[in-house]
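Biologist: Could you take me closely through the surroundings of the ligand, and say which residues and elements form them?

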Amino acid sequence: MPKCFLVTGGAGFIGSNFVEHILGTQSGVRVITVDALTYAGSLANLEFAKGDSRHRFVQADIREEEVMLSVMRAEKPDCVVHFAAESHVDRSIESAAIFESVNVCGTLSLLEATRKYLDERGERREGFRFIHISTDEVYGDLPIEDTQTRFKENAPLRPSSPYAASKAASDMFVLSYVRTYGLPAIIARMCNNYGPRQHSEKFIPCMIQCALAGEALPLYGTGENVREWLHVEDACRAIAAIAERGRAGGIYNVSSNDARSNIEVAQAIVRAMRPYVAAHNMPQPTIEHVADRLGHDRRYALDATKCANELGWTSGIGFDQGIGDLIKASTSA
Ligand SMILES: NC(=O)c1ccc[n+]([C@@H]2O[C@H](COP(=O)([O-])OP(=O)(O)OC[C@H]3O[C@@H](n4cnc5c(N)ncnc54)[C@H](O)[C@@H]3O)[C@@H](O)[C@H]2O)c1
């Protein structure tokens, strides 16, 4: 296992959970979190690391190559885990330019900084890993009725949204650095994550907050779109396994294969909220269909057998348990 992690986007949802996972499971480790603290990142997400001398926070933008290189020179990480991104599909539909700037150019700057850092390290580059966190959305979607097809890691990239296009482009740059410079990078393509500290704009936190506010749960279109849902704790275990045992140059799909339509997810939240709303004399939550997202992908499905076979990773937290825990935490906060 690496001894020093540089985690970009570590003040965001998955990044902060990963930092907590590493500090909680590895003794003698150091973690450097780099985050620009955009609308999506917050130091409150790193509260658990306060006073932990093994952790350092650096506020910086991954697009600043020289700054990233100087952080690497100073801290000497043996693993970069790259979460930093503009991550909200709806925002990318409103305005795509920042997605190109951060997700594509930012990843390229970080790759360049890493390449120079590794050149300076000479033979001490042995064992170094650059883990690029990507998404199932790069493969595009499948028809709802096709419940058999699953995308393997070698499937062609057919992104639909500007967000997915920017992630696919960043994956391509990572692969080009593997091939051209021998950069020991790995790509993890993950399905939808959920869990603590997810931004309130995202589907599940938005639904829970509406229910708590006594408002109808807004559901895009018919709600038939299917996603696979992975608890963030399981995702962090997968990324740690990739950091420890992943093959340089490899791509790993990471999924629970727990596929649910959006309306099923909304209904599960309504069910799980019932005891709380009854105890607080609130109206039962309802679901309201709203105008569909433009170009809304229908179904995502990952084949994650490589991750299981090569790394021995499988997901462990069932959806009902994960949602129940999340609602318990939200209603006791
Ligand atoms: N959330 C999911 O379900 C999911 C699924 C698959 C893949 N991913 C990928 O995982 C990664 C993390 O996703 P998330 O949901 O935690 O995102 P998030 O939006 O919660 O966090 C992103 C973090 O990146 C930071 N950031 C943004 N621009 C930056 C910049 N220029 N420089 C430095 N930091 C910057 C933000 O401040 C924030 O803390 C992303 O790359 C995303 O594409 C997410």
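Modeller: What follows is a description of the ligand and its shell.

This is a predicted model, in which local features need pLDDT of at least 70 and side-chain atom pairs count only at pLDDT 80 or more, while totals for chains, interfaces and linings use all residues. Residues are numbered from 1 along each chain as its sequence is written, and side-chain values use heavy atoms, with hydrogens and water left out.

The ligand is surrounded by 30 residues, a residue being counted as near if one of its heavy atoms lies within 4 Å of the molecule; the closest are Asp35, Ser87, Tyr163, Lys167 and Asn193. By class, the shell holds 16 nonpolar, nine polar and five charged residues, where Ala, Val, Leu, Ile, Met, Phe, Trp, Tyr, Cys and Pro count as nonpolar, Asp, Glu, Lys and Arg as charged, and the others, Gly among them, as polar.

Helix H1 (13-25), strand S5 (129-135), helix H5 (162-181) and strand S7 (192-194) each supply at least two residues of this shell, and the largest share, three residues, comes from S5; helices (H or I, at least four residues) and strands (E, at least two) are DSSP runs, numbered from the N terminus.

Turning to polar contacts (pairs of N or O atoms within 3.5 Å), a ligand oxygen lies 2.6 Å from a side-chain N or O atom of Asp35, while polar backbone atoms of Gly12 and of Phe13 are each 3.0 Å from an oxygen atom of the ligand. Of the 830 Å² of accessible area that the ligand has on its own, the protein covers 96%, as calculated by the Shrake-Rupley method with a 1.4 Å probe.

Notes: Polar contact = N/O pair within 3.5 Å; in protein donor to acceptor, adjacent residues only side chain to side chain.
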